[in-house]
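Let's take a walk through this structure together, going from its inside to its surface. Keep the viewer open as you read.

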Amino acid sequence: MHSEPASPSPTRPADRAAPHALTGEEVLEAFGSRPAGLSADEAAERLERHGPNALPAGERESRVVRFLRQFQDPMIYVLLGAAVLTTVMGHLVDTIVILAVVLVNAVIGDVQEGRAADALESIRSMLSLDAQVRRDGAWRTVPAEELVPGDVVRLGAGDRAPADLRLLEANSLGAEESALTGESLAVEKSPAPVAADAPLGDRSGMVFSGTTLTSGSGRGVVVATGTATEIGHITSMLDEVEAMETPLTRQMSDFSTKLSVVVVAAAVLMFVLGWVLHDQGLGELAIAAIGFAVAAIPEGLPAVLTITLALGVQAMARRSAITRRMNSVETLGAVTVIASDKTGTLTRNEMTVRTVVTPEGTYEVTGTGYAPEGEIRSAGRVVTAREHRDLRLLAEVAARTNDSSLSCTAEGWALSGEPTDGGLRTFAMKAGSAGEDEHRLAAVPFDSAYKYMATLDRVDGVGTLVHLKGAPDRLLDRCDLAPGERERWERRIDELGGQGLRVLAAAVRRAEDDARTLGAADVEDGGFTFLGLYGIIDPPREEAVRAIRTVQRAGIRVLMITGDHAGTATAIGREMGITDELGAVTGAQLDAADDEELAELVRTRTVFARTSPEHKLRLVTALQGQGEVVSMTGDGVNDAPALKKADVGVAMGIKGTEATKEAADVVLADDDFATIGAAVEMGRTIYDNLRKAIVFILPTNGAQGLVVLVAVVLGMTLPLTPVQVLWVNTITAVTLALALAFEPGEPDVMDRPPRPPGASILSRAGVVRIVYVSLLLGAVTIAVFLGGQAAGVALEVSRTTAVNTLVVGQIFYLLASRFSAGTSLRRELLTTNPVSWLCIAVMLVLQLAFVHLPPLQAAFGSAPVGWAGWLIPLGAGLLVLAVVEVDKALRRRSR
């Protein structure tokens with residue numbers, strides 16, 4: 001029995017002994033294994049030592065914790081304190097009303113927030129369930145969780161790799177790794193070692209846990225399991241990444257804290273003044289102080305914020321953007337940088353032949369993806385394979401040396417087979433070449449050792465031919481070329497490669513008519529005629545190109561961060577309008593950069609290639625360190641940590657992995673990057689409407705606070721009771737303020753730069769308006785109350801008229817607030833937001849109930865009023881509208 005090495009620590013495999021840089025024999029020796037595999041006893045001992053080959057389950061936030069979190073707001077703390085004091089003092093009706101308002105806010109927040117993200121559980125679902133492992137010299141199927149380092153595993157096409165494996169042998173083995181590395185093409189695998197510092201995507205001797213084998217077969221030795229695998233490393237990163245607070249959350253938290261401190265300090269000061277100046281009773285002063293706190297705190301603001309964001313969530317859902325966290329809709333409106341993955345996000349992840357080159361000329365192929373729709377053009381003119389024999393021959397090779405198939409489904413054209421073959425099949429169909437398999441006599445399948453595929457075909461009217469497709473250098477070696485011809489073709493290959501295209505070549509040779517077999521040795525005999533080149537690319541999404549232009553016009557920088565090759569990334573970036581004159585920054589350059597150099601790179605460069613999950617996370621962190629509000633967009637597992645770290649992560653819903661969707665804040669159900677542009681517009685509109693709502697709500701609180709403060713300082717009876725204050729605050733917020741959530745976006749919303757991340761949620765003009773409207777409403781309310789008392793009206797009637805004055809004044813203030821700078825006295829006031837008139841109607845119905853329904857009269861101390869109780873508030877409302885409109889007119893004139 002072989003001795004075993006010391007137990008490997010559960011770190012990244014590259015940190016252990018760089019298995020990709022060792023030969024297969026050296027890896028077997030390092031892990032105390034052998035080609036015949038481990039014994040059952042060895043496997044059992046290692047399983048106990050290393051633990052199961054599984055990822056830890058994610059911890060879910062309980063519903064109770066989520067509900068209790070809704071109370072974490074300084075304004076709510078003040079209200080809860082007021083409820084405690086009213087309970088102690090025996091004012092149970094006040095306590096019940098205050099607690100009801102707090103509870104309603106909490107329920108709204110809890111329902112709308114939805115479930116918390118759990119990316120780890122989704123990554124667990126990517127892992128293989130079973131594995132073919134060699135134990136005690138025999139192959140057997142075991143649960144993947146039982147694999148241990150040193151196990152020898154057998155792989156085949158269609159399998160999902162059960163652990164990180166170092167290949168011992170590979171036969172035409174290919175792996176789809178785009179979700180892990182960002183590589184858009186299936187990767188050819190080989191047992192040969194590579195450099196120790198090779199990027200993840202270049203470790204051809206490794207097969208990584210969770211990736212899918214697309215072709216061929218092979219054997220490998222397990223070098224990492226569970227959290228020590230590359231995919232396990234990503235889950236560890238996800239677990240360690242702390243989601244950022246959104247700009248709105250930070251602003252509202254800061255606003256709530258400052259307002260609460262001011263309100264409590266003012267309430268204490270008012271209490272002291274009432275005691276010193278008028279020697280009022282402590283109970284009466286306490287009720288007045290509570291009334292002041294309740295008046296000055298905008299209790300309805302959290303509900304308005306939540307409902308406004310919820311409406312934005314629903315609006316985005318109608319645009320195919322599923323928002324998993326409500327604040328994310330508004331955060332998109334604050335974004336200053338969008339960092340996007342390439343494969344499957346900016347590009348289609350569907351290989352497409354873009355250019356073909358023959359000895360006679362160059363042809364451009366239109367159309368993208370696997371739909372055989374498009375034209376072939378030469379010198380700007382549409383051509384057909386029927387009139388161009390060189391084009392027809394190239395299409396024949398593309399069709400015949402091909403094992404893929406395309407089918408038209410309800411969702412569109414679907415590929416069965418390898419992506420590059422799918423692109424060639426689509427080109428052949430555009431050129432009108434079917435290449436039926438029944439004419440194939442024999443084939444040499446593609447093998448990474450010789451990098452070509454050949455078929456022996458019977459062609460009607462021509463005879464028996466050998467068609468050859470593969471790497472250009474391998475085909476040029478096997479073709480009969482005229483002097484200087486190879487150099488000319490190599491220059492064309494370099495030109496196509498410089499455009500970010502993957503280049504394949506085609507050749508043909510006549511065979512004996514009675515030939516029925518074909519082997520690699522037959523191909524090695526050479527004698528082929530070189531037919532030309534295919535330039536293949538994963539094409540940009542047209543809608544993504546338009547969307548990038550839209551967000552760039554809005555002052556947002558767009559970066560591309562991909563795991564693909566630098567040349568491909570630079571070429572795609574150029575087509576997308578993400579230009580970087582210096583070319584792509586590679587992962588190796590990022591590794592060599594210190595924090596200061598990295599800050600300079602993210603400030604000046606736009607394309608980053610050959611990046612790992614760590615690079616993406618580091619780039620997002622560096623951008624946030626410069627005060628940027630970052631949106632990260634992606635679809636692969638390798639994007640998940642960066643998506644979670646970003647201020648708002650956006651995942652592709654169709655082609656994105658479940659792990660990415662769970663880590664994201666927003667999921668695009670249609671995989672349309674253009675939806676991000678719509679989301680940015682929606683976010684900016686929501687922020688504008690929230691500012692309007694705050695500027696609208698706070699004068700109500702300012703006026704009520706002023707009323708209570710003046711009453712205490714002057715030693716007069718309170719014009720409003722605490723529960724009446726709560727009534728006005730609550731119904732105003734959930735009716736009138738809610739109307740502002742339905743306001744359409746301003747015409748210039750996508751033509752202005754992003755707001756500064758550290759800016760206050762209230763502008764200077766907004767603060768000035770809050771102050772003078774508060775003074776105006778407060779003064780009118782006090783005047784109405786004192787006028788009623790002077791006329792000998794009952795206290796309940798005077799207070800009810802004062803409440804009506806506040807409510808009607810707010811209705812007219814709403815009309816003025818719907819247009820921040822422009823005049824409200826125009827036709828759009830009636831037509832652009834019909835919900836506002838519905839909200840006004842609901843408000844009036846509620847206020848009529850407040851005045852006339854006995855149960856509400858008993859709860860709030862209201863009483864019926866006559867016509868004067870409504871006409872006087874109407875005049876006050878017209879006064880408020882006139883003053884605000886004059887202010888806006890003066891501001892427009894000064895600008």
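Predicted model: local features only at pLDDT ≥ 70, side-chain atom pairs only at ≥ 80, totals over all residues.

Residues are numbered from 1 along each chain as its sequence is written, and side-chain values use heavy atoms, with hydrogens and water left out.

Let's begin inside. A nonpolar core here is a set of buried Ala, Val, Leu, Ile, Met, Phe, Trp, Tyr and Cys residues joined through side-chain atoms within 4.5 Å; buried means under 20% relative accessible area, exposed means over 50%, and partly exposed is in between (1.4 Å probe, protein chains only). The largest such core has 70 residues, and those with the most contacts inside it include Leu346, Leu468, Phe530 and Phe673. Its largest share, six residues, comes from helix 26. Apart from this core lies another, of 66 residues, with Val728, Val773, Tyr813 and Leu829 among them. As background, nonpolar side chains in soluble globular proteins tend to be buried together.

Contact means heavy atoms within 4.5 Å, and, leaving aside neighbours within four places in sequence, Leu468 is in contact with residues including Val397, Tyr452, Leu475, Val523 and Phe528.

Now to the helices. Helices (H or I, at least four residues) and strands (E, at least two) are DSSP runs, numbered from the N terminus. The expected span of a helix is 1.5 Å times one less than its number of residues. Helix 26 (residues 674–714) has 41 residues and should therefore span 60 Å, which agrees with the 60 Å between its end C-alpha atoms. This helix is mostly covered, with 32 of its 41 residues buried. Just after helix 26 comes Gly715, with a positive phi of about 70°. Helix 28 (residues 764–790) passes the same check: its 27 residues should span 39 Å, and its end C-alpha atoms are 39 Å apart. Helix 28 is followed by Gly792, whose phi is positive, near 80°.

Not counting residues up to four places away in sequence, Thr735 touches Cys839, Val842, Met843 and Leu846.

Positive phi values also turn up in residues other than glycine. Ser172, with phi near 50°, is in strand 4 (residues 164–176) and counts as buried at 18% relative accessibility. Lys451 has a phi near 60°; this lysine sits in the loop between strand 16 (440–444) and strand 17 (452–459) and is partly exposed, with a relative accessible area of 28%.

Arg154, in strand 3 (residues 152–156), is partly exposed at 35%. The C-alpha atoms of Arg154 and Ala131 are separated by 7.7 Å, though the two are 23 residues apart along the chain. Beyond its neighbours within four places in sequence, Arg154 is in contact with Gln132, Trp139, Asp159, Gly218 and Arg219.

Finally, look at helix 33 (residues 868–894), where Leu878 is found. Leu878 is partly exposed, with a relative accessible area of 46%.
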